[in-house]
Amino acid sequence: MTEITIRRATPDDAAEVAAMVREIAAHEDQTAQVHVTDDQWRALLGRPEAIVLLAGRGGPAVGYVSAVRRLHLWTGGDVLDLDDLYVRPGHRDAGTGRRLMAALAASAAPGRLLIRWGVEAGNVDAQRFYRRLGATLRPKILAAWPPSAYAGLVADA
């Protein structure tokens, strides 16, 4: 089997990244939440704070990891907020996810950035994978506040 290569996505990779984002959303039954077009992906992939690393095996990408570098107010420094780690079916359990995480860690290492992310409580396979990497998992409830939910509060202000 061809060796895995990892590289940073460019705006030219927008269609491939968008396709994999739709795949992971479908896998997580979240397709209705994806609204980014290929054109928007082209713009996003040109932004320095948006990090998307692609894994390849000599053809189309077989997976990706995405993160956003942002200011962390408690430390006054930056952190990397990992958004997705996805490996296409047929390419899983071959070290691709580990290689993607290692590449993300290598991009964070020069700045000694904390990498953080969420994982679904029921996704025990992902939890086991992240623990094997040495990640610390702690329970936390994530909140999301869509504009439709806070619109009334804004109107009252």
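**Charged pairs and a buried leucine**

Reply: Aspartate 78 is partly exposed, at 28% relative accessibility. Keep in mind that this is a predicted model.

Me: Which residue does aspartate 78 meet in a salt bridge?

Reply: Arginine 69, with 2.7 Å from N to O. Arginine 69 is partly exposed too, at 37%.

Me: How many salt bridges in the whole structure?

Reply: Nine. One of them pairs aspartate 38 with arginine 22, where the closest N and O atoms are 3.8 Å apart. That pair links distant parts of the chain: aspartate 38 sits in helix α2, arginine 22 in helix α1, 16 residues apart.

Me: And aspartate 81, where is that?

Reply: In strand β4, residues 77–87. Aspartate 81 forms a salt bridge with arginine 116, closest N and O atoms 2.7 Å apart.

Me: Which residues are in the network with Asp81?

Reply: Arg70 and Arg116; salt bridges with shared partners join the three into one network. The side chains of aspartate 81 and arginine 70 also make a polar contact of 2.6 Å.

Me: Switching topic. Leucine 100: buried or exposed?

Reply: Buried, because its relative accessibility is 0%. Leucine 100 lies in helix α3, residues 96–108.

Me: What is leucine 100 in contact with, leaving aside neighbours within four places in sequence?

Reply: Among them are Ile6, Leu53, Leu54, Val65, Leu85 and Val87. Tyr64 and Tyr86 are on the list as well.

Note on methods. Residues are numbered from 1 along each chain as its sequence is written. This is a predicted model: local features need pLDDT of at least 70, side-chain atom pairs count only at pLDDT 80 or more; totals for chains, interfaces and linings use all residues. Side-chain values use heavy atoms; hydrogens and water are left out. Helices (H or I, at least four residues) and strands (E, at least two) are DSSP runs, numbered from the N terminus. A polar contact is a pair of N or O atoms within 3.5 Å; within protein, one must be able to donate a hydrogen and the other to accept it, and residues adjacent in sequence count only if both atoms are side-chain atoms. Buried means under 20% relative accessible area, exposed over 50%, partly exposed in between (1.4 Å probe, protein chains only). Contact means heavy atoms within 4.5 Å. A salt bridge is a side-chain nitrogen of Lys or Arg within 4 Å of a carboxyl oxygen of Asp or Glu.
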